[in-house]
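This report describes the packing of helices, the nonpolar cores and selected backbone features of a single structure. Please consult the sequence and the structure shown here while reading.

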Amino acid sequence: MPELPEVETVRRGLAAAMEGHVFVRAKMHRANLRFPFPDGFGQHLIGKTVKKLGRRAKFLLIIFDDGAVLISHLGMSGSYRIYDSSPPPLDKHDHVVFNISNGFEIRYNDPRRFGFMDLTTVTEMAEHPMLSKIGPEPICPRLSGPELAARLKGRSAAIKAALLDQSVIAGIGNIYASEALFMAGISPKLKASGVQGKRAEKLAAAIHEVLIKAIEAGGASLKDHRQTSGELGYFQHSFQVYGRAGRPCSVCGPGVLVSQITQSGRATFFCSRCQK
DNA sequence: CGGCAAACCTGCGAGC
DNA sequence: TGCTCGCAGGTTTGCC
């Protein structure tokens, strides 16, 4: 699924369709995603005007003008799709359908159902169990080298694993962890605590750059991610190492092939010559 | 507390 | 063609 750039792409799409408009219908086609929908979920939203679409880490925040907030996480395979007229027949994984006062129908589709939705309020949001322990956003404001270094200090896990830990930094997932480490020239196997000073500076810059460029490309479309318009993102064409095991390193050329290892049960891609 | 494997669920591609 | 296996962009849980 969706890492920060894909979620940000979805946020922008939903903002354009929803902001300033009223929820007139909210229909769930099953009782749960990863968790059961909260009691009165659909009814709670009807009649409310969308003030703003927000994002925290990989969580979408639909903020209403009365202070209510719908938290939506896309899990591995969740996507939103906006239809402005004559929507197609319901797909078997279209689990939630919102109808908006401007005539748009917005559907949440999620084959694996690792996503979830919950309700909170603007004032209670920061204490929500899913949001309360999340680390700083890496872009906007830009994460600084010294702050990244401070958050990695004392961590014995590999830097790749630390980057996936949402309490360390928000929004990085399996693709962008490998990509950022490649850009920074840092081995994914290095202890997180070893990334200090200039290396932390370089990694912070790499994280910022890769995420910004991915957002500009509309995210990366592997299997599931699409923009809310249905268009594919195209950042997958810019991957330097992710999914490229056995192919030449884009910097070293044919002499050095991209390596793949497993860390904490997840695939990591890197160049053993570029990354030390 | 930190770190790792397993669990949640479906779909798809590879290999036999 | 058809089956089984392994793997997939995330997060929480429980067990060392």
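The buried residues of helix 5 are Asn174, Ile175, Tyr176, Ala177, Ser178, Glu179, Ala180, Leu181, Phe182 and Ala184; buried denotes under 20% relative accessible area, exposed over 50%, and partly exposed the range in between, with a 1.4 Å probe and protein chains only. Because 10 of its 11 residues are buried, helix 5 is largely enclosed by the rest of the structure. Helices (H or I, at least four residues) and strands (E, at least two) are DSSP runs numbered from the N terminus. The cover over the buried residues of helix 5 includes helix 1, helix 4, helix 6, strand 9 and strand 12 (266–270), where contact means heavy atoms within 4.5 Å. Just after helix 5, glycine 185 adopts a positive phi of about 70°.

Phenylalanine 182 belongs to helix 5 and is buried, with a relative accessible area of 8%. Apart from neighbours within four places in sequence, phenylalanine 182 contacts Gln240, Val241, Cys249, Ser250, Val251, Cys271, Cys274 and Gln275. Its C-alpha atom is separated by 9.6 Å from that of tyrosine 242, 60 residues apart along the chain.

## Basis of the description

This is a predicted model, in which local features need pLDDT of at least 70 and side-chain atom pairs count only at pLDDT 80 or more, while totals for chains, interfaces and linings use all residues. Residues are numbered from 1 along each chain as its sequence is written, chains are lettered from A and ligands numbered from 1 in the order in which they are written, and side-chain values use heavy atoms, with hydrogens and water left out.

## Nonpolar cores

A nonpolar core is a set of buried Ala, Val, Leu, Ile, Met, Phe, Trp, Tyr and Cys residues joined through side-chain atoms within 4.5 Å. The largest such core has 35 residues, and Ile159, Leu163, Tyr176, Leu203 and Ile207 have the most contacts inside it. At least two residues of this core come from each of helix 3 (145–152), helix 4 (159–164), helix 5 (174–184) and helix 6. Helix 6 supplies the largest share, nine residues.

Not counting residues up to four places away in sequence, isoleucine 159 touches Leu152, Leu181, Ile186, Ser187, Pro188, Leu190, Lys191, Ala192, Val195 and Leu203. A second, separate core has 29 residues, including Ala17, Met18, Phe37 and Tyr108.

## Helix packing against helix 6

The axes of helix 3 and helix 6 come within 8 Å and cross at roughly 110°; axes are lines fitted to C-alpha atoms, for helices over the stretch in contact, and angles run from 0 to 180 degrees between N-to-C directions. Helix 3 is therefore roughly perpendicular to helix 6. Angles under 35 degrees count as roughly parallel, over 145 as roughly antiparallel, 65 to 115 as roughly perpendicular and the rest as oblique. Gly145, Pro146, Leu148 and Ala149 of helix 3 meet Gly197, Ala200, Glu201, Leu203, Ala204 and Ile207 of helix 6. This contact has seven nonpolar, two polar and one charged residues; Ala, Val, Leu, Ile, Met, Phe, Trp, Tyr, Cys and Pro count as nonpolar, Asp, Glu, Lys and Arg as charged, and the others, Gly among them, as polar.

For helix 1 (residues 4–18) and helix 6 (residues 197–216), the axes come within 9 Å and cross at roughly 40°. Helix 1 is therefore oblique to helix 6. The contact joins Leu4, Pro5, Glu8, Thr9 and Arg12 of helix 1 to Leu211, Ala214 and Ile215 of helix 6, with five nonpolar, one polar and two charged residues.

## Loops and backbone features

Most residues other than glycine have a negative phi, and most peptide bonds are trans. The peptide bond from cysteine 140 to proline 141 is cis, with omega near 0°, and proline 141 lies in the loop between strand 8 (116–121) and helix 3. Alanine 57, in the loop between strand 2 (50–56) and strand 3 (59–64), has a positive phi of about 55° and is buried at 0% relative accessible area. Arginine 113 also has a positive phi, near 55°; arginine 113 is located between strand 7 (105–109) and strand 8 and is partly exposed at 29% relative accessibility.

Glycine 233 occupies the loop between helix 6 and strand 9 (248–249) and is buried at 1% relative accessibility. Leaving aside neighbours within four places in sequence, glycine 233 contacts Ala217, Gly218, Gly219, Ser221 and Gln227. The C-alpha atoms of glycine 233 and alanine 220, 13 residues apart along the chain, are separated by 4.9 Å.
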